[in-house]
Amino acid sequence: MTTFSAASQPHGLSPQAVGTGLLAALVGYASSVAVVIQGLTAVGATTGQVASALLGLGLAKGATAIFLSLKLRMPISVAWTTPGMALLATATAVQGGFPAAVGAFVVVGALIMLAGLWTPLGRLVAAIPKPLASGMLAGIILKLCLAPFFAVGQAPGLALAILATWVIVGRFARLWAVPAAVAVALAGMIGQTPLTGLGWAQAVPVFEPVMPVFTVEALVGIAVPLFIVTMASQNIPGLAVLNTYGYHPPTRPLFLVTGAASALTALVGSPAVNLAAITAALCAGPDAGPDTRRRWQAAVLCGIGYILLAGLAAVAAAVVTRQPPILIEAVAGLALIGAFGGALLGAVSSESERTPALVTLLVTASGVGFAGIGSAFWGLVLGGLLHLLHRKT
């Protein structure tokens with residue numbers, strides 16, 4: 001097991017780690033902020049509540065990454081749960097509105113903490129068959145991945161410009177393809193709907209506390225699927241990325257700190273924060289410098305970058321929420337195409353599990369709920385039953 005004691009750390013900032021950390025923050029924010037805004041709006045958040053949630057997320061991601069990286073001397077990157085936000089974006093509004101969704105966010109944070117304190121819970125999530133978890137994730141994000149192409153029929157000029165930018169930039173610099181498409185989308189949106197009435201005072205984000213409401217519908221329809229998606233598609237892959245580069249952090253402090261931050265910032269409308277996967281590869285890999293003992297600096301600078309970007313929360317919320325939903329979904333869908341491909345591959349790669357996984361995918365993608373509970377939960381339930389039946393035959 002690789003360990004990194006404080007005494008063994010070299011002194012001084014690594015310029016390569018600094019540059020990579022700031023790049024990771026910019027890419028992580030620009031690539032998926034539209035998904036977050038779409039998810040929050042879908043569960044009833046107002047523009048002010050969206051800005052408050054983005055502010056809380058930026059501060060939570062930054063503070064937890066800085067704290068954990070300094071404490072463990074490892075590149076611990078923290079992100080918002082992009083697949084979880086896609087789940088919210090495709091969910092139907094729950095009874096109780098946004099306060100009920102906030103109650104679910106609080107529960108998700110508590111469950112993440114419980115996974116750190118009580119290891120059987122973490123093992124239970126990890127025991128969900130990978131094809132079923134992948135099928136659920138693919139079903140969640142399928143609708144959003146189709147949105148860029150639906151947008152061509154509704155807003156052809158801007159939609160085609162966004163798609164062309166994504167294709168051309170992706171040909172030469174894949175990492176920048178989605179941020180470049182976001183930049184084109186924002187420019188087009190501002191041109192179509194100028195930010196009239198947004199002065200300096202309105203451009204500064206402020207917290208809007210939300211009193212959580214706890215309902216069975218929101219707990220089963222939002223909290224349980226959001227927790228499973230966050231653990232299965234963010235925390236577990238995030239740990240795997242760190243292990244790939246020789247870092248083996250203890251899971252208890254990771255889950256306790258990110259879970260506590262999630263539960264606390266949920267009170268201002270923020271969903272969960274968790275271990276990063278894509279930006280983790282940037283901060284933990286060779287891009288952050290040849291010396292593995294100094295790569296923790298990249299995660300710290302990434303955290304600082306997220307805190308600085310939190311200042312854009314009100315502007316981002318105002319720009320995006322004033323636009324037709326299809327344009328927001330189009331940008332979000334481009335950010336999720338890679339994730340959809342990986343999830344689809346994970347769902348169908350095992351022939352013996354293919355039918356249960358595809359049923360999970362299709363039920364989840366259908367959007368059909370029952371008893372007020374969303375399709376993601378029922379997709380996992382039905383797929384799990386088929387999984388058990390196939391094992392017995």
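Predicted model: local features only at pLDDT ≥ 70, side-chain atom pairs only at ≥ 80, totals over all residues.
Colleague: How many aromatic pairs does a search of the whole structure find?
Modeller: Two.

Colleague: Why is the pair of Tyr 29 and Trp 80 called tilted?
Modeller: Their planes lie at 45°. Stacked needs under 30 degrees and edge-to-face over 60, so the rest count as tilted. The ring centres are 5.5 Å apart. Tyr 29 belongs to helix H1 and Trp 80 to strand E1, 51 residues apart, so the pair links distant parts of the chain.

Colleague: What makes Phe 98 and Phe 105 edge-to-face?
Modeller: Their planes are at 75°. The cut-off is over 60 degrees, so the pair is edge-to-face.

Colleague: Are Tyr 29 and Trp 80 buried or exposed?
Modeller: Buried means under 20% relative accessible area. Tyr 29 has 10%, so Tyr 29 is buried. Trp 80 has 4%, so Trp 80 is buried too.

Colleague: Why does Phe 105 count as buried?
Modeller: The relative accessibility of Phe 105 is 1%, and the limit is under 20%, so Phe 105 counts as buried. Phe 98, at 3%, is also buried.

Colleague: Which charged end sits over the ring of Tyr 306?
Modeller: That of Lys 61, 3.6 Å from the ring centre. Likewise, the charged end of Arg 73 sits over the ring of Trp 296, 4.5 Å from its centre.

Colleague: At what angle do helices H6 and H7 pack?
Modeller: About 145°, with their axes 6 Å apart. The crossing of H6 and H7 is left-handed. The contact has eight nonpolar, two polar and no charged residues.

Notes
Residues numbered from 1 in each chain as written. Heavy atoms only, no water. Axes fitted to C-alpha atoms, helices over the stretch in contact; angles between N-to-C directions. Helix = DSSP H or I, 4+ residues; strand = E, 2+ residues; numbered from the N terminus. Left-handed = near helix turned anticlockwise from the far one by under 90°. Nonpolar A, V, L, I, M, F, W, Y, C, P; charged D, E, K, R; others polar. Phe/Tyr/Trp six-rings, centres within 6.5 Å; stacked < 30°, edge-to-face > 60°. Buried < 20%, exposed > 50% of the residue type's maximum accessible area, 1.4 Å probe, protein only. Lys NZ or Arg CZ within 6 Å of the ring centre and 35° of its normal.
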